Amino acid sequence: CFQFEAILETISLEMDATEYFDFALKITSDAGKIVKEAASKEKLITEKGIVDLVTATDKAVEEFLISSIKAKYPDHHFVAEESFDGHYHYSDHPTWIIDPIDGTTNFIHGQPFFCISIAFAIKKEVLVGVVFNPLSDELYHAVKGKGSYLNGVKLAVTQVKTIQQSVIATNVGYDRSEENVRFITGNIQNLLLENAQSLRSSGSAALEICYVACSRFDVFYEYGIHPWDIAAALLILTEAGGVGADPSTGQHPVDIEARRVLVGNPEIVKTVFSVLEKTPIPKKWLEFP
């Protein structure tokens, strides 16, 4: 089993960031034990939407993480998936951005592609990002300005330049309206017509962005995501030399509240954007920052 303590011995950080990083590692490790134990058991499932599911484990892990943070930092704020009330409440205040299980559908179906994602931000700048898959025992982590790592090994994005060289990942989200389905399939069709090497849809934006950070994927894009899906992973990506862009404009950095993202190395992001912009974006995905 990968030792979280080993990370602390191999990375030297400024004192203020170290405190939050160390704490994020500890609570992520503890939460990982809860998720791993629950993964092989029967799931108590409820519906948030027609195909948007949540389990008792999602809720229990989020409650554990928030209560642990409140005990240590009672004045800090939260942006978290299962306690979302329709507003992000993301401000300049010290804020923890939490997805207790990113990839809940995978978790329910026994597919080992899900993770815990925790980011810490001050003045809307993410300083710490931790993404942990407790089944594969893969821990992605970053502190702003200090690089990003997978189980202690430094990460770097690929430098592919063409779509033909690229493994491109995306997800279909939960919106099954005809307009959105046509939009999703239109993007996929255009990428295939440009001879994309391969497409992937793995069901966890946080892990898929981390896969771009560690060169397993070249590009990831999605519409309809939330801050808790991408905040930690985007820091890990950018510290690995990648960029997180707005797929509606091609500009970066993307606002994590925008509900849309496109990531990869700067050159391939520009190229993929030129293909994505061929398909008109539904107005619903442009109503955010």
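Over the ring of which residue does the charged end of Lys43 sit? The charged end of Lys43 sits over the ring of Phe107, 4.9 Å from its centre.

This is a predicted model, in which local features need pLDDT of at least 70 and side-chain atom pairs count only at pLDDT 80 or more, while totals for chains, interfaces and linings use all residues. Residues are numbered from 1 along each chain as its sequence is written, and side-chain values use heavy atoms, with hydrogens and water left out.

**View 1. Charges over the rings of Phe107 and Tyr211.** Besides Lys43 over Phe107, Arg216 lies over the face of Tyr211, at 4.7 Å from the ring centre. A charge sits over a ring if NZ of Lys or CZ of Arg is within 6 Å of the ring centre and within 35 degrees of the ring normal.

**View 2. The aromatic pair of Tyr73 and Trp96.** Rings of Phe, Tyr and Trp (its six-membered ring) pair if their centres lie within 6.5 Å; planes under 30 degrees apart count as stacked, over 60 as edge-to-face and the rest as tilted. The count by this rule is 15 aromatic pairs. With ring centres 6.2 Å apart and planes at 25 degrees, Tyr73 and Trp96 are stacked. Tyr73 is buried at 8% relative accessible area, and Trp96 is buried at 0% (buried: under 20%; exposed: over 50%; partly exposed: in between; 1.4 Å probe, protein chains only).

**View 3. The edge-to-face pair of Phe183 and Tyr223.** The ring centres lie 4.6 Å apart, with the planes at 75 degrees. Phe183 is buried, with a relative accessible area of 2%, as is Tyr223, at 9%.
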